[in-house]
Amino acid sequence: MSSNKSSFKELNPTLSLWTVALCSALVLSAPLDGQLQVVGPAQPITAVLGDDIILPCCLEPAADVQDKTILWSDPDLKLDPLNPQRGVEYVHLYRNRKEVPDMQITSYFGRTTLFEDELKRGNISLKITNVTMEDQGRYRCFIPKLKSRANAAIVQLVVVPNVVETSTKPPLDLRNLQTPDPLDDTRPDGGRTLQL
């Protein structure tokens, strides 16, 4: 956890500026009635398989949410009919000023974090490390006790494979690249041609 915070502090000026710019752009279409709103991007976020990605989400106008419960969930996740007592699991849960891993979906354990220093500015963006193809889909960022009709936003994540150009052709044989000597009766495979 401390390594995440120290790496965030190194990126903080760039990330903060990027987050403020993104959240400001997201709000341009939001109603200006002064009510707090959870705002996410209108366009999908694209991640490359294996990379770290930030799912942007913020509160507008900016307000301190350090004392709020913040939930990131999979809105398409269905409860297990064979185990209804298990309850709801989250992609990430922040409550009572700390992250709560007990109710986290197993595949996200140890891979998600909020930028706790940014919560006082209304930034509730979620970082997911080592993105997998299974991470693709919709995410819901939600502040349950926010007195607003817009207390949640949906963020779409698209994961693309890390494509490395490969070839199925055999490696080049340098002998085949040379111009053959017309007087040489040796074939490239080492055999001899028949002279008639």
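1. Strand β5. This strand spans residues 70-73. I70 and W72 point to one side, while L71 and S73 point to the other. All of these residues are buried. The background is simple: side chains in a regular strand alternate between the two faces of the sheet. Note that this is a predicted model, so the points below describe a prediction.

2. Partners of β5. On one hand, β5 pairs with β6, residues 92-95. The sense is antiparallel, and there are three bridges. Within this pairing, I70 is opposite Y94 of β6. On the other hand, β5 pairs with β10, residues 137-142. That pairing is antiparallel too, over three bridges. Here S73 faces R140 in β10, and L71 has F142 of β10 as its bridge partner.

3. Strand β10 and its link to β11. Besides β5, β10 pairs with β11. The two run antiparallel and share six bridges. R138 is found opposite Q156 of β11. Two residues already named for their β5 partners also meet each other. R140 lies over the face of F142, at 4.1 Å from the ring centre.

4. The aromatic pair. How many aromatic pairs does the count give? The count is one aromatic pair. The pair consists of Y108 and Y139, with ring centres 6.2 Å apart. Their planes stand at 80°, so the arrangement is edge-to-face; the cut-off for that class is over 60 degrees. Y108 sits in the loop between β7 (98-99) and β8 (112-114), whereas Y139 belongs to β10. The pair therefore ties together parts that are 31 residues apart in sequence. Are these two tyrosines buried or exposed? Y108 is buried, at a relative accessible area of 7%. Y139 is buried as well, at 1%.

5. N151, a loop residue. Where is N151? N151 lies in the loop between β10 and β11, the latter covering 152-160. Why does N151 count as buried? Its relative accessible area is 16%, and buried means under 20%. Leaving out residues up to four places away in sequence, N151 touches V38, C141, F142, I143, P144 and L146. F142 in that list is the residue with R140 over its ring face.

6. Q66, another loop residue. Q66 is placed in the loop between β4 (58-60) and β5. Q66 is buried, with a relative accessible area of 18%. What does Q66 contact, aside from neighbours within four places in sequence? The contacts are Y94, R97, L119 and K120.

7. The open sheet. Which strands form it, and in what order? Three strands do, in the order β3-β9-β8, with antiparallel pairing. β3 (53-55) and β8 stand at the edges. Each has a single partner strand, so one side of each is left without a neighbour in the sheet. On average, neighbouring strands of this sheet are turned by 25° against each other, direction ignored. β3 and β9, residues 126-128, are joined by three bridges. I53 has I128 of β9 as its bridge partner.

8. Overall make-up. The protein has two helices and eleven strands. Along the sequence, the pattern is α-β-β-β-β-β-β-β-β-β-β-β-α. Of the 196 residues, 35% are buried. Among contacts with a separation of 6 or more, 58% join residues 24 or more positions apart. The accessible surface is about 13000 Å². Carbon and sulfur atoms hold 55% of that surface.

Terms used: Residues are numbered from 1 along each chain as its sequence is written. This is a predicted model: local features need pLDDT of at least 70, side-chain atom pairs count only at pLDDT 80 or more; totals for chains, interfaces and linings use all residues. Side-chain values use heavy atoms; hydrogens and water are left out. Buried means under 20% relative accessible area, exposed over 50%, partly exposed in between (1.4 Å probe, protein chains only). Helices (H or I, at least four residues) and strands (E, at least two) are DSSP runs, numbered from the N terminus. Two strands pair if DSSP finds at least two bridges between them. Contact means heavy atoms within 4.5 Å. Rings of Phe, Tyr and Trp (its six-membered ring) pair if their centres lie within 6.5 Å; planes under 30 degrees apart count as stacked, over 60 as edge-to-face and the rest as tilted. A charge sits over a ring if NZ of Lys or CZ of Arg is within 6 Å of the ring centre and within 35 degrees of the ring normal. Axes are lines fitted to C-alpha atoms, for helices over the stretch in contact, and angles run from 0 to 180 degrees between N-to-C directions. Accessible areas come from the Shrake-Rupley method with a 1.4 Å probe; for residues, only the protein chains shown count as cover.
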